[in-house]
Amino acid sequence: WKRFKEDSADMLRHVQLWRTSIHEVEGRFGNGIRSYFAFLRWLFILNIYIFLLMFVFVCVPTVAFESLVHSGVNISSNSLNGNNVSAECAYNPYDPNAVNSFSQYVIWFFTGQGFMEKTLLFYGYYSNSATTIFSDGFLFYYDIPLAYLMVAFFYFLLTLVLLVRRAGAGLKESLLSNEDRFYTYCNKVFCGWDFCITDDHSAELKHSSLKYELQTDLEEERIRLRQSSRTSKEKWILYTKRFFINLVVVGILVASLVAIFYAAQYALGNGDTFNNNFMLDLIVTYLTSIVITVANFIAPLIFGFLIIYEDYSPAFTIKFTLIRTVFLRLASVVFLYVVVYLQINCKIRPNCTFCEGVECWETYLGQEMYKLTIMDFFIVLAVTLFVEFPRKLIVENCSCGLAKWWGQQEFSIPENVLDIVYAQTIGWIGAFYAPLLPVIVVVKFFIFFYLKKLSLTYNCRPATRPYRASRSGTFFYIILLVGFVVAAFPVVVSVAILEPSKDCGPFRGWTTMFYAITASIQTQPGWLQSILWFVGSPGFAIIIGVLLCLALYYFVALRTAHKKMISLLRDQLTLEGKDKQFLLSRVTKLTK
Amino acid sequence: MGSANSHFTKDELQEYSELTFFTKQEVLHVFEKFVELDQDNVNNDKLCRVSMEKVCQMPELKVNPFNDRICRIFSTSQNFDGSLSFEDFLDMMSVFSDQAPKGLKVEYAFKVYDFNEDDLLDAEDIEMVVSRLTGYAGSLKDDEMQQLLKNIMQEADLDNDDQLSYAEFEHVISKSPDFLNSFRIRL
């Protein structure tokens, strides 16, 4: 019975996390900000999935097997490759017997070194053993390196599938609403009010959102008129301005990357020396993170300032600022990765084949990601508490000129979206090198949601420039997809090509991390092996490639056909309108 | 249920359900709602009229910005005070139900939006509609309102007389995807 279906769909929507908060935000601040919070919620749930995957399949077995060894169950763990590293090359980041000051422990907690390195948090802790438990005639075999790799592969795959589905759905929606350029105003005015609303609060929200939508549409139309009415001379001036501003933007990007390069080199070189000065130690180890965060902080402000002179429509302004800032942020993360990689191929200690200063480069990367996450979190927290709240207090209570010029805070969507995309990209890379990092990211996003909502309600005024937001919602997911590719690429490269450290982590001793899979394939029965080898061979890839190209061509052809159909139907509609006009005039003439 | 049954004979129920889009059960359900509006008067005399204020207290109509217009167009009262008898009320609920055809809804929607009741939607009417829609949030500025009016006329006014006749209104609304979903009240 139809009513039951509708009621159950309603109820499912009710159960959604944070539904009331997001609904409130929508009513008071419009669709754009609502899509930001919906995006944050989606990422929060995604990170919970990733964390569960990693935790259940890698962390729990590691811990369980270790404790089972002591409990007398018939369990044996064998290292999967026999190479033993000589004592002077062994990986030993932390000596539990040495006496360390309390401040040392605090530093280690925040930088992930020392005692933190020997915990589940980082890659270096996990063993490369396969465990067999034999009890009551039941054999349980668990291969940790294989599990690690498969889980990583799986969470990337899961993220990709969910992301593409979401971005695709959003894209379809935005395409549909784009086509519906007919009668938008009439639709909004005459069919805008939902007669089913019974609740006072919902009615208020509906009133505000209707007002915002109408204002948004009108504003966009005004801007479009202004753009089309530019004279030729104005256009030339505008284009030269845009050209120079883009040059400046590129210059800023390059400068930030160079700064990050030097900071990373310095930190890598001096990261191990501990003076007794607490603050100095902390700053040296956090140097890369500090430089990255400062660059990411200042550059968007400059971009936001510059883009006003470029005179784009509000929707495009947001997208363009987003693209520029995305470029900067993701480039910094990738750059960091590249710098660490370059350092791996550096000076080599005789007799040992790893570098001075970086014995376990995966753990080092994990530590960098850990530091970046923490730094990012504290910066956002600090900015919200120490800049936004006082700003509100000053603007409200003091009526001096400075306060009036500064004005009340406006919730800047591009920046906040970038913050979370950036945090998520670090989370993805970090999840491979520091398996417990997703849990930190989950907690961070949880706190972010309430922090941002609080800051929004108390500090911010509604946007003075309303803009079409549903398209921005899809745009966020597309940006996230870019972040995902940026995160996945280095990890895939390191799994397939880079040599894992000799003495730490689940892949020690092998030539590449991917060898875990090849090794386990070799233990499978012959027929399965030949199938898997075929799947991995170039021939198979070519077949798949050709099939995908054919499918793509088919869909493109379908799309062109549909587009033609749509324009034909649209023409029919206008003709119909003209017919009615004609008939109406005939009727009036006849009745006279 | 039992008490409501005693208010109507079988024939009356049959008649009501034939004349509206409701089944007999639904007619009785509507009557219950009607009783809730003004218990004492209705229990005494089921043919009495309930005043407009009391009808607009109904949860489904309370927050509706057009509730007074709705009451007025369905009211068959001689002194045009918007009061509704049960038959008017049943009529209203029937038009707003899911089973009512689109054409009927469009007709009544036109009447609701026609504030000055001249069978045409002119600029004055549309301005009222828009200001009712924005309600609590405050109304649009003057120039925005003018721009909006211009756009609506551009979209819908086919004979360029600066007002929308029923035919033009019907043409626009029947193409609108949201109309059926918005213009209904579920009891």
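This is a predicted model: local features need pLDDT of at least 70, side-chain atom pairs count only at pLDDT 80 or more; totals for chains, interfaces and linings use all residues.
The size of an interface is often given as the accessible area lost when the parts come together. Between chain A and chain B the buried area is about 4200 Å², with carbon and sulfur atoms giving 63% of that area. On the chain A side, the residues that lose the most area to chain B are A:Tyr183, A:Phe190 and A:Phe195, which together account for 21% of what that side buries. The main totals for this interface are set out below.

| Item, chain A and chain B | Value |
|---|---|
| Contact residues from chain A | 37 residues |
| Contact residues from chain B | 52 residues |
| Polar contacts, both residues at pLDDT 80 or more | 11 residue pairs |
| Salt bridges across the interface | 1 salt bridge |

The salt bridge joins the side chains of B:Glu144 and A:Arg222, at 3.9 Å from N to O. On the side of chain A that touches chain B, the elements giving two or more residues are helices H1 (2-15), H6 (184-191), H7 (200-228) and H19 (538-591) of chain A, and H7(A) gives the most, with 12 residues. By residue class, that side of chain A divides into 16 nonpolar, 8 polar and 13 charged residues.

Chain A also carries a nonpolar patch on the surface, formed by A:Trp527, A:Ile531, A:Phe534, A:Val535, A:Ile542, A:Ile543, A:Val546, A:Leu547 and A:Leu550, with about 930 Å² of accessible area together. Helix H18 (526-536) and H19 of chain A each give two or more residues to the nonpolar patch, and the largest share, 5 residues, comes from H19(A), the helix in which A:Leu550 lies.

Key: Residues are numbered from 1 along each chain as its sequence is written. Chains are lettered from A and ligands numbered from 1 in the order in which they are written. Side-chain values use heavy atoms; hydrogens and water are left out. Contact means heavy atoms within 4.5 Å. Buried area is the accessible area (1.4 Å probe) that two parts lose on being put together, summed over both. A salt bridge is a side-chain nitrogen of Lys or Arg within 4 Å of a carboxyl oxygen of Asp or Glu. A polar contact is a pair of N or O atoms within 3.5 Å; within protein, one must be able to donate a hydrogen and the other to accept it, and residues adjacent in sequence count only if both atoms are side-chain atoms. Helices (H or I, at least four residues) and strands (E, at least two) are DSSP runs, numbered from the N terminus. Ala, Val, Leu, Ile, Met, Phe, Trp, Tyr, Cys and Pro count as nonpolar, Asp, Glu, Lys and Arg as charged, and the others, Gly among them, as polar. Patches are made of residues with over 30% relative accessible area and no salt bridge: like charges are joined within 9 Å, nonpolar side chains (Val, Leu, Ile, Met, Phe, Trp, Tyr) within 5 Å. Accessible areas come from the Shrake-Rupley method with a 1.4 Å probe; for residues, only the protein chains shown count as cover.
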